[in-house]
Amino acid sequence: MRGGWFKVYALVYLVFLYAPIILLPMFAFNDATVIAFPLSGFSTKWFAALVDDPLLRDAVRNSLIIAVTTAILSTTLAVFAARASTRYRFPGKAGLMGLIMLPLVLPEIIVAVSLLSILLMAGIELSILTVILGHVLICTPFCIAILSSAFQSLDRSLEEAAYDLGETPFSTFRLIILPLVMPGIISSLLISFTISLDEFIIAFFLAGTQATLPVYILSQFRFPQAVPAIMALGTILVCLSILLLGIAEFFRRRGLARSGAKDTGGFL
């Protein structure tokens with residue numbers, strides 16, 4: 001009986017969570033300007049309107065630059081941090097790793113305001129670069145969580161065998177360890193790219209005059225006639241996010257299958 005109530009609760013929760021997402025494509029393909037039922041007819045004009053918006057093109061370009069750079073930097077830093085935390089012992093290891101993972105539990109508004117204060121006191125102009133710094137700060141803990149699992153599942157005897165065969169620590173890391181954790185690295189890149197592309201609060205505080213895609217979307221909601229086009233844009237972003245997360249999950253499971261580690265059921 002308890003299991004039945006839990007299934008009902010889970011179903012209601014999922015409907016409440018994902019019903020708004022289902023409404024996005026419905027209104028994106030609706031012919032009317034007003035977002036309301038009943039639907040007036042099928043149309044793709046709102047998707048075509050996105051192509052002719054120069055502000056949207058600039059926002060997309062800025063977001064892609066930020067997301068790609070953030071993914072590369074966050075994953076690179078996470079590789080070193082995850083390798084150090086899973087392979088070596090050093091003084092203050094637990095405290096240091098806890099400090100690095102702290103952005104996972106801190107409210108983003110606190111992180112954004114703190115970064116803004118520090119940057120203004122340092123006289124650094126707000127730009128795409130400052131947004132990248134903020135996104136690297138919040139994405140790196142997610143990447144470390146993914147890569148720590150990948151490094152922990154490695155068979156240490158493979159590394160020792162490489163040393164016995166004359167390989168240096170660097171060549172062992174490059175030729176043996178990195179290929180084995182590559183599915184985790186790909187998952188880390190995709191997850192951090194998705195988080196950075198969708199992130200709003202830090203971009204809102206640190207972007208200055210260079211708007212990112214989420215900031216552009218918020219600004220367009222002031223104009224009712226632009227809302228259907230935003231619905232079309234939201235539909236594209238949802239599909240893109242699902243695709244990237246699906247690919248990331250595929251590589252995560254592939255890495256677990258190669259290593260023989262137990263699947264704990266998700267990235268984190």
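Does Phe27 count as buried or exposed, and at what relative accessibility? In this predicted model, Phe27 counts as buried, because its relative accessibility is 6% and the limit for a buried residue is under 20%. Phe27 has its place in helix H1.

Tyr18 is partly exposed, with a relative accessible area of 43%. Tyr18 belongs to a nonpolar patch on the surface, together with Phe6, Tyr9, Tyr13, Leu14, Leu17 and Ile21. The accessible area of this patch is about 740 Å² in total.

Leaving aside neighbours within four places in sequence, Leu213 is in contact with Leu56, Ala59, Val60, Ser63, Leu233 and Leu237.

Helix H3 spans residues 54–87 and includes Ser74. Ser74 is buried, with a relative accessible area of 0%. A polar atom of the Ser74 side chain lies 2.8 Å from the backbone oxygen of Thr70. Neighbours within four places in sequence aside, Ser74 is in contact with His135, Val136, Cys139, Thr140, Cys143 and Ser192.

How many salt bridges does the structure hold? There is one. Asp58 forms a salt bridge with Arg61, and their closest N and O atoms are 3.0 Å apart. Asp58 and Arg61 are separated by about one helical turn, because they are three residues apart in helix H3. Asp58 counts as partly exposed, and Arg61 also counts as partly exposed.

The table lists relative accessibility for the residues discussed above.

| Residue | Relative accessibility | Class |
|---|---|---|
| Ser74 | 0% | buried |
| Phe27 | 6% | buried |
| Asp58 | 33% | partly exposed |
| Tyr18 | 43% | partly exposed |
| Arg61 | 44% | partly exposed |

Definitions and conventions. Residues numbered from 1 in each chain as written. Predicted model: local features only at pLDDT ≥ 70, side-chain atom pairs only at ≥ 80, totals over all residues. Heavy atoms only, no water. Helix = DSSP H or I, 4+ residues; strand = E, 2+ residues; numbered from the N terminus. Buried < 20%, exposed > 50% of the residue type's maximum accessible area, 1.4 Å probe, protein only. Polar contact = N/O pair within 3.5 Å; in protein donor to acceptor, adjacent residues only side chain to side chain. Contact = heavy atoms within 4.5 Å. Patch = residues over 30% accessible without salt bridge, like charges linked within 9 Å, V, L, I, M, F, W, Y side chains within 5 Å. Areas by Shrake-Rupley, 256 points an atom, 1.4 Å probe, with all protein chains shown as cover. Salt bridge = Lys/Arg side-chain N within 4 Å of Asp/Glu carboxyl O.
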